[in-house]
Amino acid sequence: MIYTIVYGFSIGAILYFISIGLSLTFGTMRVINFAHTLTYTIGVYALITLVAFLQGYFVLAAILAVFVVIPISYVIERFIIRRLYGESLDYTFIATFAVSLIGVDVIKWIWGVNPYPMKDPIGEYLMFWGLSLPIYRILIVIIAILLFVALNFFFKKTIVGKIVVAALDDKDGVRCLGINVDKYFSIVFILGSALAALGGVLYAPISSIHPYMGLSILLLSFAVVIVGGMGNLKGTFISAFALGMVMSITARYWSQGAETMVFIVMAIVLIFKPIDI
Amino acid sequence: MPLKNAPAKDYGAIGFLVIASGFLLITPILSTHRVTDFMIFCIFAMSFDLLYGYMGRLSFGHMLFLGTGAYGAGLFIKYINGNPLLAILVGIAVAGLLGMLLGLIIVRTTGACFALINLAFNHIGFFLVLSPLREITRGEDGFGVSASKLGFLNLGSRPIMFGFVLLCLLLVFYFLKRLISSPYGIMIRSIKEDETRVRFLGYNTYLYKWLTFVLAGSIAGLAGALTALNYNYVNPNAMDVNSNVGVVFACLIGGAGNLYGALIGGVTYMIISNFLPIYIHRWEMFLGFSLLIITFRFRKGVWGYFQGVWENIVKKKVIGKPIEEGVADL
């Protein structure tokens, strides 16, 4: 049972990393960023190469992999997303989908289609009361909670964060104050993409790695964003962990149905709380 | 073909002739089997166009209904009865029923949310077919479908299948054409323009959206059932989540919101996807770049472009001077 809880929290933490970017980009820019799958996958593949290159310094490789994503996401924001502000959501969706198609094909070009195996970088278990819990999963949960605290600090105390929160509420109002909103949007976009890459980097050792790995995780984190509310930071945090628990409890009784259950929860939420975007 | 009922000013009869002769003309160049496949995809593209082009709801999970139709028809033939016509009806009915159920939830959303929820359900469907229902659907391997002969209607023979699919295509085309020029069609087109206003006028937009969703699902189910009969084979590729981009591409390049556009787009996409991968290895990248170009520069599609050119010519004749000047005078 405790193993189920730890498993659920670690999945929830990964979902939180990925959905926070999705939620922020939607809340500020009104863009559903399908290219999020791409930044996530690029982070993972960069990690593979860097781990092989640095021969085992996992932490350093993980940090570098997150930094690799930053220029790529800036290019996506500058040349694709920025041209689509105020357009219909369909076109932004199609354009970002096209970006992810191109990116996935580039990944297949460079790294090939075959899945990569990757082992747990710590590989040790925490033993107590006759239970064995993988330390790596516990570490993921701790990083997620630290990140939540850090993001809260960022959005409440720093000026950049305050501008972003204000823009979530009223974009035109912020622009009227003479603030260049687009610049802050691109910061938010890059932050979201980097967090997605961080989620990918942390999740890679405990999942399977292949070029299309981003799709199912994007759908899950989209469910998180719908349940938690678009652009709602605290809601995203709570719903990510709640849905992570849903996944792990379902997996305990019916291992194949874990993802399906998340979408069923999302459907129930949509019945009672229709959203209008 | 009930041609005399077609609206006169739409040149209905000519349209049918052009479509039929167009498909017959490309048959000798390509092969009968391939063109049959093209026409099935065109039926699918038209059903998508009803949803996206006319009602303005972009779905990224329309393959779900194609797959449901294919599996419905295939399983019916495999386990119950070999009659192909009944199987097609079952395929349409199953896809329609699924549309009725999912529509209750999906239709509540719009925009990218609509697209992603469809995608999520498509993902679930693909997964269900692949593993929990493995005993019935044979998972990844799929199963063979052999329909029995019905008198002269032997769908195993290529030319008869070709004729049958062409008939289905024309029927669907006629049905959608009539549907779209009816008051119902005007209603869904106004929902695309501004749903709030339509609701202000006192119409229950929810019902109309739901109905359109079910109709689009059923027609996609027809396309799925025909796919199963055409290949004599059903496997999870019929429901593949990543194939959705094909129909979106077809609809956009042909010109969304026009049935001729959907047909042109469907044929274009099928030609590209059948022949380009032979020459270009990085085929998904090509698709991605062309989608980007369409979104930024070519939103009206091929049909919309030629329509614009045609209207320019006609207006120049009427007014006698270029449109820009005419507008400036106003």
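Residues are numbered from 1 along each chain as its sequence is written, while chains are lettered from A and ligands numbered from 1 in the order in which they are written. Because the model is predicted, local features need pLDDT of at least 70 and side-chain atom pairs count only at pLDDT 80 or more, whereas totals for chains, interfaces and linings use all residues.

**Stop 1: chain A**

Select chain A and colour by secondary structure. The chain holds 11 helices and two strands, where helices (H or I, at least four residues) and strands (E, at least two) are DSSP runs numbered from the N terminus. Read from the N terminus, the order of elements is α-α-α-α-β-β-α-α-α-α-α-α-α. The radius of gyration of chain A is 19 Å, close to the 19 Å that the globule rule gives for 277 residues, so chain A is as compact as a globular protein of that length. The radius is taken over C-alpha atoms, and the rule is 2.2 Å times the number of residues to the power 0.38. The C-alpha trace of chain A spans about 60 × 45 × 35 Å along its principal axes.

Of the 277 residues in chain A, 47% are buried. A residue is buried if 20 or more other C-beta atoms lie within 10 Å of its own, exposed if 12 or fewer, and partly exposed in between, with C-beta atoms placed from the backbone. Two residues are in contact if their C-beta atoms, placed from the backbone, lie within 7 Å. Among contacts in chain A between residues at least 6 apart in sequence, 73% join residues at least 24 apart.

**Stop 2: chain B**

Now select chain B, which has 15 helices and two strands. Its radius of gyration is 20 Å, close to the 20 Å that the globule rule gives for 330 residues, so chain B is as compact as a globular protein of that length. The C-alpha trace of chain B spans about 70 × 45 × 45 Å along its principal axes. Buried residues account for 47% of the 330 residues in chain B.

**Stop 3: the contact between the chains**

Show both chains together. The contact takes 32 residues from chain A and 30 residues from chain B. On the chain B side, α5 (111-130), α11 (244-254) and α13 (283-297) each supply at least two residues, and α5(B) gives the most, with 10 residues. By class, this side of chain B has 20 nonpolar, seven polar and three charged residues. Here Ala, Val, Leu, Ile, Met, Phe, Trp, Tyr, Cys and Pro count as nonpolar, Asp, Glu, Lys and Arg as charged, and the others, Gly among them, as polar.

Next, pick Thr295(B), which lies in helix α13 of chain B. With 23 C-beta neighbours inside 10 Å, Thr295(B) counts as buried. Thr295(B) touches Tyr91(A), Ile94(A) and Ala95(A), not counting residues up to four places away in sequence.

**Stop 4: helix α11 of chain A**

Select residues 258-272 of chain A, the 15 residues of helix α11. The buried residues of α11(A) are Glu259(A), Val262(A), Phe263(A), Met266(A) and Leu270(A). Seen down the axis of α11(A), they fall within an arc of 95°, so they line one face of the helix; the arc is that of the directions from the helix axis to the C-beta atoms. On the other side of α11(A), Ile268(A), Ile271(A) and Phe272(A) are exposed. The buried residues of α11(A) pack against α9 (213-228) and α10 (233-253) of chain A, together with α4 (84-106) and α5 of chain B.

**Stop 5: the core**

The largest nonpolar core has 193 residues, and those with the most contacts inside it are Ala223(A), Cys42(B), Ile43(B) and Met46(B). Such a core is a set of buried Ala, Val, Leu, Ile, Met, Phe, Trp, Tyr and Cys residues joined through C-beta atoms within 7 Å. Helix α2 (residues 32-54) of chain B gives the most to this core, with 15 residues. Centre the view on Ile43(B): not counting residues up to four places away in sequence, Ile43(B) touches Cys168(B), Leu169(B), Val172(B), Ile219(B), Leu222(B) and Ala223(B).

**Stop 6: a backbone detail**

Finally, select Asn232(B), in the loop between α10 (205-231) and β2 (233-234) of chain B. Asn232(B) has a positive phi of about 55° although it is not a glycine. With 14 other C-beta atoms within 10 Å, Asn232(B) is partly exposed.

Key. The expected span of a helix is 1.5 Å times one less than its number of residues.
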